[in-house]
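Work through the exercises below with the sequence and the model at hand. Each task is followed by its solution in steps.

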Amino acid sequence: MAPLGEGSDDPVLPDLPRGPLDAARARASFPWKELALFWDGPDMLRFKKSIFSALENDPLFAHPPGSLSLEKYRELNFLRCKRVFEYDFLRVEDLLGSPQRVLALIQCLGMYDWSLATKFFLHTLTFGSAIYSSGSERHFKYLPKIFNMEIFGCFALTEVSHGSNTKAMRTTAHYDPTTEELIIHSPDFEAAKFWVGNMGKTATHAVVFAQLYTPGGRCHGLHPFVVQIRDPKTLLPMPGVMVGDIGKKLGQNGLDNGFAMFHKVRIPRQDLLNRSGDLTPEGTYVTHVKDSRQHFSESLGSLSSGRVAIAGMSVVNLKLAVSIALRFSATRRQFGPTDQEEVPVLEYPMQQWRLLPYLAAAYALDHFSKSLFLDLVELQQGLLRKDRSARQAELGREIHALASAGKPLASWTAQRGIQECREACGGHGYLAMNRLGDLRDDNDPNCTYEGDNNVLLQQTSNYLLGLLVRRDQGGARIESPLKTVDFLEAYPNILGHRFEGSSPEDCLDSSVPLAAYEWLVCYLLRESYQKLNQEKQSGSSDFEARNNCQVYCCRPLALAFLELTVVRRFHEHVHQPHVPPPLRAVLGRLSALYALWALNQHTALLYRGGYFSGEQAGKMVENAILALCAQLKDDAVALVDVIAPPDFILDSPIGRADGEPARGSQAPPFPLLPTLHNDGLKSRPCQTAARMEPCTCTRPHLKRHPNPSLRPQPTRPGLCPVLQAL
């Protein structure tokens, strides 16, 4: 095994550069390299390092000194995406054989630029996995074309008039048995596919969701179809397809979100993705699914994959933000006991209270998102084996509930955390070059796409309420494959529990907030169940009753349940026997801090329901939070070193690993950008230009190269516009 630290020309975990942060690192209670090894493992550390090194050493990924125009940014982003495929970080067999590498690659690319990561993710995973998991052997011909970029894909579900209400999508697919073709059609502009990532400029194919109609006019509900929307050679729209870009967004502007309308576009019958339902040549609909709700769930199964991935993307943004803010706070000196002695702002309890809970949240949510991703892989493997067991169906429902609350919790936590980090860095945090603004804008859509957060939470609360209904009506045990709801079997007894702590020290282990969370979920489940029944008894329809229960009952129920799941999984992970002894104390503190900090946001409910009584209970939790922040303060920089990417990737002068922001305050010159040949989609850098030598080849180049010494004269018009006039 290659060494993780010193003693190698290319160590997996090289020593960090010396600088002002040395003093903070010296106070750490644990070796950061040992935690990095425990957290990711040596193979994953090597894989991440290979990605980061490739990006840093490739001129195509050099950071420009200023803002690019929308068109230049999107063209550059496509070329970068193409280069990622050329590096062959990910192969087809890795999709199921090495799922952790899939997740790691997307997150590493996201640390560099979410426009690039999302473009790559939508093509390989969202588009590719939809074909793989929703189709059959006849569709696997597309997979090699995805990975060699012979085609470029997108996932077209959302329409102008419908997003969250997927059942109401209005694009149609009528089957014509005389030609064995499906006719894809948009009845009007409100049925246009909209917000589709990659569709704006570069996608050649789309997985299009449409209502399937068989001869005779019967609708069989929403189904996915593979539809070619552009010619791969010219990128011109296919006949009957109107496709374009929707314009500039608040963030992720390297990603070309687009729209499409279809006017009686014919596709072969075989391009129906047929895992849940198929058509015979004569037009007879056949399916193994007997229940319409199960069919709908299978058709949209790929959405759980997207939601799990978005939870992980949000965690990455939180990691980057706390890395920047804590490194800055450990070196930024303000005020002190005397006028001559200023202290780092991280020494102040207020700064600790603002930032360290988000550091703990980054660790807790990182572990949860990774574990949920592996649960999802188990589900997908069962689907590929055509597992029709009751356990497989229940696993799908449980993962759907976890993903539907996991995305809101992770994206909202990151949203609040990034903003807190921005403010905690003062004016420097508001400076664009320090990246916190970009992180905030790039994270923002995580709260919306693949389902509005508040709407998604209803899926989780409905799942929990359904368990209670089945228990009360038929006496069924409350249990699930991943055991996230098994504690509810003791639901009546748990409601009788009360907080028994007598001092803040009693709260310094995450088992205490874990017990409180179990009570809280049971209390909110009872309140939601009673509220729902009261609404129905008062004459409200089921639709009205559920809507009237959301704000103060079902929404907090879903969030509390997911927080409990995160707390439990992190608690079990850091208290397992094989945790290295030097890491146990710091990981235990992180677990307790996240649990208490998250629980403290529900203090009013804990008092209202009677779990807390007297002012001392609330004070004990608050004092324990402050005590844990004080204990973790000296470990903060080392904890950041475990999760922070290299400086080139982090790209924040105030977040540099050496703690020397002054040396990063000027944007670096931009001479390493390669001269590009004009080959359309096959544009590639001139090799001599990439080596910083004058180019003497006769191919057409950029009109202006950023480095004057390398600026060749064009040999003919029609040049590639990428990065012109920088």
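**Exercise 1: a helix pair**

In this predicted model, helix α6 (residues 99-112) packs against helix α7 (residues 114-134) with the axes 6 Å apart and an angle of about 150 degrees between them. Determine how α6 and α7 are oriented to each other, and which residues form their contact.

Step 1. Angles over 145 degrees count as roughly antiparallel. The angle here is about 150 degrees, so α6 and α7 are roughly antiparallel to each other.

Step 2. From α6, the residues V102, L105, I106, Q107, L109, G110 and Y112 take part; they meet W114, L116, A117, F120, F121 and L125 of α7.

Step 3. Sorted by class, this contact of α6 with α7 comprises 11 nonpolar and 2 polar residues, and no charged ones.

**Exercise 2: the setting of N257**

Locate N257 in the secondary structure, decide whether N257 is buried or exposed, and list its contacts beyond its sequence neighbours.

Step 1. N257 lies in strand β8, which covers residues 257-262.

Step 2. The relative accessibility of N257 is 7%. Buried means under 20%, so N257 counts as buried.

Step 3. With neighbours within four places in sequence set aside, N257 is in contact with W195, V196, G197, G200, G244, D245, I246 and K249. With K249 there is also a polar contact, side chain to side chain, at 3.0 Å.

**Exercise 3: the whole chain**

State how many helices and strands the chain has, and what share of its residues is buried.

Step 1. The chain has 25 helices and 13 strands.

Step 2. Of its 726 residues, 57% count as buried.

Technical notes:
Residues are numbered from 1 along each chain as its sequence is written. This is a predicted model: local features need pLDDT of at least 70, side-chain atom pairs count only at pLDDT 80 or more; totals for chains, interfaces and linings use all residues. Side-chain values use heavy atoms; hydrogens and water are left out. Helices (H or I, at least four residues) and strands (E, at least two) are DSSP runs, numbered from the N terminus. Buried means under 20% relative accessible area, exposed over 50%, partly exposed in between (1.4 Å probe, protein chains only). A polar contact is a pair of N or O atoms within 3.5 Å; within protein, one must be able to donate a hydrogen and the other to accept it, and residues adjacent in sequence count only if both atoms are side-chain atoms. Contact means heavy atoms within 4.5 Å. Axes are lines fitted to C-alpha atoms, for helices over the stretch in contact, and angles run from 0 to 180 degrees between N-to-C directions. Angles under 35 degrees count as roughly parallel, over 145 as roughly antiparallel, 65 to 115 as roughly perpendicular and the rest as oblique. Ala, Val, Leu, Ile, Met, Phe, Trp, Tyr, Cys and Pro count as nonpolar, Asp, Glu, Lys and Arg as charged, and the others, Gly among them, as polar.
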